[in-house]
Structures are given as structure tokens and as C-alpha cells.
Amino acid sequence: MIVVAAALWTLVFSGISHDLHVLASSDCSDCLMPVVKCPQGRLSGKVFKTREGRGIFGFLGIPYALPPVRELRFKHPVPSGPWKGTLNASKIHPVCPQRDIYRRSELFEGEEDCLYLNVYSPKLPAEEVASLLPVMVFFHGGGWLCGGGNTLWYGPDVLLDRDVVLVVPNYRLGALGFLSTGDEVVPGNNGLKDQNLALKWIQSNIKSFGGDPKSVTIFGESAGGASVHYHMMSPMSRGLFHKGIAMSGTSLCIWAQSPKNEGVENSKKLAEAFDCPRKPTQEMVECLRKVDAMDIVKHDVIFMEWDFDPMIPFKPTIESEVEGAFLTKSPTEIVQSGQSADVPLMVGITSQDGALRAAGVLNNDALLEELTSDFEKNIPISLMYDKTAKNISKVTKQLREFYFHNKKINWSLKEQLVNMYTDGWFLNCADEAVQLHRNYSNHPVYYYLFGHRGVASFTKIFGGGDVDYGVCHADDLQYLFPVGDGLFPDKKPSEDDKNVAKLFSMLFANFALTGNPTPEISDVIPEIWKPVVSENMEYFSINANSPGMRTGLFLDRAKFWRTLESNPRTPHRSPIKDEL
């Protein structure tokens with residue numbers, strides 16, 4: 001390896017212009033510390049290596065908002081100003097306050113000063129006329145309860161073997177990010193407004209890192225996928241991105257939007273737990289601002305009714321018409337009225353997404369017995385239609401008949417239980433979103449099923465042990481990011497895993513560059529991925545053996561949920577397109 005002195009990075013830059021100034025050479029193969037100047041100031045980063053040995057410039061812990069503490073808690077994010085000197089952007093930043101209930105963790109971690117983002121680039125422009133790369137912005141999942149943008153989870157190791165710039169922000173979680181009083185005091189959606197501010201930061205700064213602000217793709221998984229879909233709905237985010245990818249989550253998921261008054265009532269319930277007044281709302285919020293952030297996180301248990309369900313007490317909400325509102329209409333209404341962002345959209349799920357919940361139930365005899373013996377009580381809570389269905393008992397009866405033929409749930413019905421959670425939490429809202437955009441939008445909608453189970457699966461950390469439940473929720477993340485390296489250190493990727501990672505990352509990078517995941521076929525991509533054009537719900541199957549186009553993604557199950565009045569909305573029919 002050739003050792004390059006840090007001084008070699010420094011180039012002379014002139015004036016105080018906020019235009020592009022780069023203090024690093026253009027490529028990174030054998031290199032040390034990169035230094036960049038962006039409008040906020042100078043910052044020094046570090047070098048990463050991808051799976052294929054490519055050198056990557058990384059800049060960690062860049063503040064994009066002021067710390068949301070004290071009087072700024074529960075308020076809209078405030079942009080972070082310039083810093084003095086050179087910011088050390090080589091250290092991992094803290095996650096936002098949280099507990100990971102999906103892993104049944106008893107660890108409470110994070111800091112309220114957490115609004116930072118990471119930028120990774122394979123190439124820094126040496127001059128202003130240099131070509132810029134498409135930007136991909138990843139919003140992490142975790143039910144708006146947990147997770148973070150740290151490099152250990154969502155670093156550049158896999159995706160940046162492709163020619164893109166990657167940005168991964170933190171955003172506020174739980175009550176700290178999604179508490180709502182239903183009025184102008186705390187309208188709600190502050191976690192989504194954090195993401196929006198990160199997108200604005202990208203528009204102002206990303207050229208300094210070799211990224212093209214005119215080619216920004218937002219993508220996310222689970223709550224991150226639903227976040228992507230929400231940005232397509234929000235006028236606040238209009239023009240800040242140009243393509244969207246929603247992985248295992250859309251704004252139409254039953255877990256993704258507060259039913260009427262739920263957010264306000266849960267905010268009052270939280271206030272009562274700390275002897276804060278329920279009203280007036282200003283006094284309630286001022287009292288909650290004095291509570292330790294971690295104590296707020298620890299009170300997640302007061303919202304649990306069966307095991308950890310319902311899992312997401314503080315969700316995105318439809319705000320009142322106040323200044324700075326992120327969302328004031330339902331996503332369905334926005335798309336049907338032609339007001340959603342007119343950008344190419346990719347939507348997909350994993351083939352057994354529902355193992356996220358089912359694995360932990362099946363592997364716990366007590367939970368399985370509780371679910372079976374009190375199905376009528378616990379399933380509406382777990383599938384979250386207890387607050388949305390007009391006839392809860394009717395829906396419950398239909399579910400028991402469709403999936404289990406009224407039999408007692410046991411290990412012999414493992415697949416059916418996984419399917420029920422897959423469909424209720426993920427397939428239904430993916431299917432609904434694809435139909436909605438196909439009927440009412442002009443942009444192409446690409447649908448996919450990720451069906452590769454590799455050497456490691458998230459079911460192990462979701463309580464399922466070593467049993468094969470299929471391709472679990474979040475399993476696909478391992479083929480874009482190094483998230484599995486820390487979770488499954490004894491599991492080394494197989495050749496099939498490596499091939500799927502190459503395929504998956506190329507599809508995403510192609511989409512970021514062109515708006516088309518398959519502009520051409522190759523040895524890696526054997527078939528053109530066509531958008532959905534009919535009720536056959538055409539989709540691309542992503543797997544190791546025979547990737548390519550299919551029709552009818554779990555269509556019988558999807559049609560069952562279309563008729564199930566678990567979360568009733570206006571039927572998605574477009575008279576204009578139907579006439580054509």
C-alpha cells in the first residue's frame with residue numbers, strides 16, 4: 001500500500017463562496033484521510049473498503065440539525081449552522097434514544113442529541129466541472145421506535161461497489177419523534193420532518209461529496225419504506241428527491257399511520273405516567289420536556305396490551321392545517337387527487353416478511369398458547385385492526401377461517417401463521433400502494449419479491465432460533481448493507497449470497513441512475529424488469545437461481561385482504577384508466 005500523507009489531500013481553495021470546494025483527490029484506492037469543504041465548513045473523514053475491495057470516502061456524524069433538546073424537544077428540527085475549524089467526521093455518532101423491542105432487548109440506549117448523518121462516496125470531485133454521481137438516501141427501519149444510521153449497520157460495504165453516493169441520516173424516534181397533541185403545540189411527525197431537513201441538507205451540500213442534487217433517490221426498509229412513501233405525499237418534500245424505493249413498508253400499512261385520535265390519546269397517557277397535566281396541551285408538553293429522555297423511552301410498556309403488541313404507539317399522523325405541517329390529508333386522498341410526487345416508484349416485500357412476529361410466537365410455547373386460546377382478543381391487537389375495523393369480530397373470524405380453517409394453531413401451521421403476519425403487516429399495504437399508484441399516477445411502478453434466504457436470517461434475533469421460517473423481514477438488508485456482519489459474525493456469505501448482493505445492489509443503483517432498474521440485461525441481470533401494467537400485478541422475483549419477471553404476487557392472499565374490512569378505505573379504481 002502506498003502511504004499518502006494527509007497534507008497531500010489539502011488543496012488551496014479561495015474566497016468564502018459556498019460553491020463547491022474539495023480538499024481531496026478524486027479517487028480512493030490507497031489513501032488516508034479525506035478532507036472536504038462544504039457550506040457548513042471543513043470536515044475530515046475516513047476511508048472504508050467495500051466487499052469487492054473498492055476504497056470509499058466516508059464522513060460520519062455530520063450535524064444537519066441543532067440538538068433537539070430542552071426547549072427544542074417536540075419541535076420542528078432547526079437547521080445546524082456552520083462550525084469552526086475542521087470537524088472530525090470519522091467517529092460513529094450516537095443513535096436516538098430507544099429500545100429494540102423486536103429483539104426483546106432490555107437495553108435502553110442513545111442520546112437525544114442525535115440528528116446527524118453519514119455520507120459515503122466512491123469519488124470526490126477535484127473541480128467544479130467534475131461529473132456527479134446519483135445520490136441514494138437511506139431511511140432506516142425499526143417501527144419509528146429503534147434503529148439508526150450508524151456505519152456498522154448501514155455502511156458502504158456492499159452498495160458502494162456501485163457508482164452512487166450514499167447518505168444515511170438519524171431521525172427522532174418514539175414519542176420524542178412522533179408525539180402529537182393534535183393541534184399547533186405539537187402537530188406531530190417530527191421524525192419525518194427530521195428526514196425532510198436531511199433532504200434539504202443534501203440539496204445544499206452533496207455536491208461537495210461528489211453527489212448530484214438533481215438525482216436523489218430515497219429508499220428505506222420497513223418504517224423507512226413507509227417514510228419514503230410519506231415523502232411522496234408531503235408538499236414539504238416536493239422537489240427534494242427524484243425517485244423512491246419502499247422496501248417492506250408503505251404509508252398504507254396498518255402500522256404506519258395513527259388511527260383517529262390514537263396519537264393524541266397516547267400522548268395524554270404518557271403525560272399521566274409522569275404526573276403531567278393532560279390539558280392545556282401547552283402545559284402538558286412543557287412538563288414532558290422536563291422528563292429525562294430515557295425515562296420516556298422506558299415507559300413503552302404502558303402501551304403494551306398483549307406481549308409487545310401493539311408495537312408502535314407513536315406513529316405518523318395526519319396533522320391539522322398549521323404552519324409547517326408535513327401531512328394534512330390521507331395518502332389515499334393525495335394520490336387519488338394527483339397531488340403525490342410524480343417520480344418513479346419501486347415497492348417490494350420479502351417472501352416471509354411476517355416471520356418478524358410469527359417466529360418469536362412459534363418459538364415461545366406460552367405466547368403460542370395465549371395466541372391460540374384467546375385468538376379473538378389478541379389477533380386484533382397484534383394485527384392492529386382493533387382500532388380500524390368496523391366489525392372486529394367479523395374480521396377475526398375471516399382470518400381464522402382463511403389461514404387456519406378454524407384449526408388450533410400449532411407448529412404444523414407454522415407457514416400459515418407466517419403468511420398471516422406477512423399479509424396483514426406487509427403484503428396488503430404493498431399491494432394497495434402499487435394499485436393506487438398504477439391507477440392514479442403517471443410514473444412507472446416497479447414491484448418485486450425478495451425470495452433469497454441466505455446463510456443468515458433475522459429470525460434468529462427475532463426470537464425464532466435456528467429454524468428456517470423463510471425469507472424474514474429485514475433479511476434483504478444484508479444484500480445492500482453490512483448489517484449482518486455484526487449480528488451474525490459466524491455466518492460468512494455464500495457464493496449465492498454474494499451473487500444476490502450484486503444483483504440487488506445493481507438493480508437499486510440502476511434505478512437511482514436512470515429510474516429504471518434494468519436499462520439493459522447482463523450476466524448479472526438476465527431479464528428486463530417491467531413496471532406493473534395490469535391487474536396481474538407483474539413483479540420481479542429476486543433470488544439466486546432464476547431471477548426475473550413473474551405475475552400475481554401472492555395474488556390470492558392479496559385479493560383476500562382487499563375484501564377484508566380491517567382498515568377500510570375508498571376502493572382504488574381509476575375511471576380514467578379503466579376507460580382506456
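The helices (H or I, at least four residues) and strands (E, at least two) are DSSP runs, numbered from the N terminus.

One caveat before the tour. What you see above is a predicted model, where local features need pLDDT of at least 70 and side-chain atom pairs count only at pLDDT 80 or more, while totals for chains, interfaces and linings use all residues. Residues are numbered from 1 along each chain as its sequence is written, and side-chain values use heavy atoms, with hydrogens and water left out.

We've got 11 strands in an open, mixed sheet, running 4-5-7-9-8-10-11-12-13-14-15. The edges are strand 4 (46–49) and strand 15 (548–550), and each has a single partner strand, so one side of each has no neighbour in the sheet. On average, neighbouring strands are turned by 25° against each other, direction ignored; axes here are lines fitted to C-alpha atoms, for helices over the stretch in contact, and angles run from 0 to 180 degrees between N-to-C directions.

Zoom in on one pair: strand 13 (residues 445–450) and strand 14 (residues 539–542) are parallel, with three bridges. Leu-449 has Ser-541 in strand 14 as its bridge partner. And then helix 15 (residues 495–514) packs on the sheet, touching strands that include strand 8 (133–139), strand 11 (243–247), strand 13 and strand 14. A contact means heavy atoms within 4.5 Å. The direction of helix 15 makes about 145° with that of strand 11.

Now over to some other strands. Strand 2 (residues 35–38) and strand 3 (residues 41–44) pair antiparallel over four bridges, and they make a hairpin with two residues between them. Cys-38 sits opposite Gly-41 in strand 3. Strand 3 also pairs with strand 6 (residues 86–88), parallel this time, over three bridges, and there Leu-43 has Leu-87 as its bridge partner.

Next, domains. The bounds come from an automatic or database domain assignment, which gives domain 1 (44–343) and domain 2 (349–563). Their centres, over C-alpha atoms, are 23 Å apart. The contact takes 54 residues from domain 1 and 59 residues from domain 2.

Which brings me to the holes. We work on a 1 Å grid over the protein atoms alone: a cavity is a set of points where a 1.4 Å probe fits but cannot get out, a pocket is an open set with protein on both sides within 12 Å along at least five of seven lines, and lining residues have an atom within 4 Å of a point. Points are joined across faces, edges and corners, and a volume is the space filled by probe spheres set on them.

Where does the largest pocket lie? Both domain 1 and domain 2 give residues to its lining, so the largest pocket lies between them. Its volume is about 620 Å³. There are 32 lining residues, with Asp-100, Tyr-102, Arg-103, Gly-142 and Cys-146 nearest the centre.

How values were computed. Two strands pair if DSSP finds at least two bridges between them.
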